[in-house]
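Thank you all for coming. I would like to take a few minutes to walk through one structure with you, beginning with the surroundings of its ligand and then turning to a few single residues.

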Amino acid sequence: APGPDAAGRLAGLTMTISAGGTREPLDPVRFLGNRSSGKQGVALALAARDAGAKVRFLAAHMEVPAPDGVEVVLVETALELRAAALHAAADSDVVIMAAAVADFRPADVSGTKIKKRDDAADPVIALVRNPDILQELVEVRDAASHGQLIIGFAAETGDAEGDVLEYAQAKLRRKGCDLLVVNHVGRDLVFGQDTNSVVILSRTGSEPQEASGSKSDVAAAVIDRISVELNRVVP
Ligand code: CTP
Ligand code: CA
């Protein structure tokens, strides 16, 4: 059911939101996956829906159910998500890539279950790069030169060569999206948790905006920022 904001700041807009983690098959029973729960994407979809937007929800593997009141497209792999995203984005005003997309997939998918054998060496899994969906969405948008707003999420860890924000600024420039919502990940931090702490970076170089709290608090902050970017509210 529509929530409190149904009259809504985002009324009349179509938003595509991807969520969850892709799974890349190795054989009929095995895959390479990641720890994304889909919770942040679900929170975003609910906030967008409640702000009056029509939501296309592209769900890779999630540990929580997809939200009600949105159009749900189930996907498994990065290549499936890419096809669904390009299709859904074609007539969307806003695209949010909250899904954790596998950077690589197994080069070969065995049609039958991989068996262990005593007369052969243990298998080595060769990987190939998946396409960068976010970057492709930006390229398509720029070629069509329409005013679509594209938002990425970045899971970053700092290391000896740079801190989280430095890596995130570089990622924002590389991807060319309008906003990048950055969170600091560790094994037990963020993935699967109910709370989140993010910084929203903008391509236009405005001050980084911090948001934290529950995943719905973060979603509300992202949706507020989208409303501002689209001039749906006075900042
Ligand atoms: N993304 C995507 N397609 C991919 C990989 C990532 O669309 N093949 C999107 C994610 O959905 C997210 C953003 O790009 O919105 C950033 O993802 P992230 O994994 O942080 O960036 P990468 O470019 O993959 O960089 P890294 O090597 O740090 O993983
Ligand atoms: Ca990645």
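Three elements, namely helix α3 (133-144), strand β9 (149-156) and helix α4 (164-175), each supply at least two residues of the shell around ligand 1. Please keep in mind throughout that this is a predicted model, and that the values I quote are computed from it.

Which of these elements gives the largest share of the shell? That is β9, with four residues. In total, 14 residues surround ligand 1, and the closest are M97, L134, F153, K171 and K175. If we sort the shell around ligand 1 by class, we find nine nonpolar residues, one polar residue and four charged residues.

Let me now turn to the polar atoms of the ligand, where backbone atoms of the protein come into view. An oxygen atom of ligand 1 lies 2.8 Å from a polar backbone atom of A99, while a nitrogen atom of ligand 1 is found 2.8 Å from a polar backbone atom of P131. There is also I133, which has a backbone N or O atom 3.0 Å from a nitrogen atom of ligand 1. How much of the ligand does the protein bury? Taken alone, ligand 1 exposes 570 Å², and the protein buries 78% of that.

Is S145 buried or exposed? With a relative accessible area of 63%, S145 is exposed, because the cut-off for that word is over 50%.

The second case is N231, which is also not a glycine and has a positive phi, near 60°. N231 lies in the segment after α5 (215-229), and with a relative accessible area of 67% N231 is exposed.

Finally, let us look at a residue in a strand. L58 is found in β4, which covers residues 54-59, and L58 counts as buried because its relative accessibility is 1%, where the cut-off is under 20%. Along the chain L58 and G20 are 38 residues apart, and in the model their C-alpha atoms are separated by 8.6 Å.

Terms used
Residues numbered from 1 in each chain as written. Chains lettered and ligands numbered in written order. Predicted model: local features only at pLDDT ≥ 70, side-chain atom pairs only at ≥ 80, totals over all residues. Heavy atoms only, no water. Near = heavy atom within 4 Å. Polar contact = N/O pair within 3.5 Å; in protein donor to acceptor, adjacent residues only side chain to side chain. Areas by Shrake-Rupley, 256 points an atom, 1.4 Å probe, with all protein chains shown as cover. Nonpolar A, V, L, I, M, F, W, Y, C, P; charged D, E, K, R; others polar. Buried < 20%, exposed > 50% of the residue type's maximum accessible area, 1.4 Å probe, protein only.
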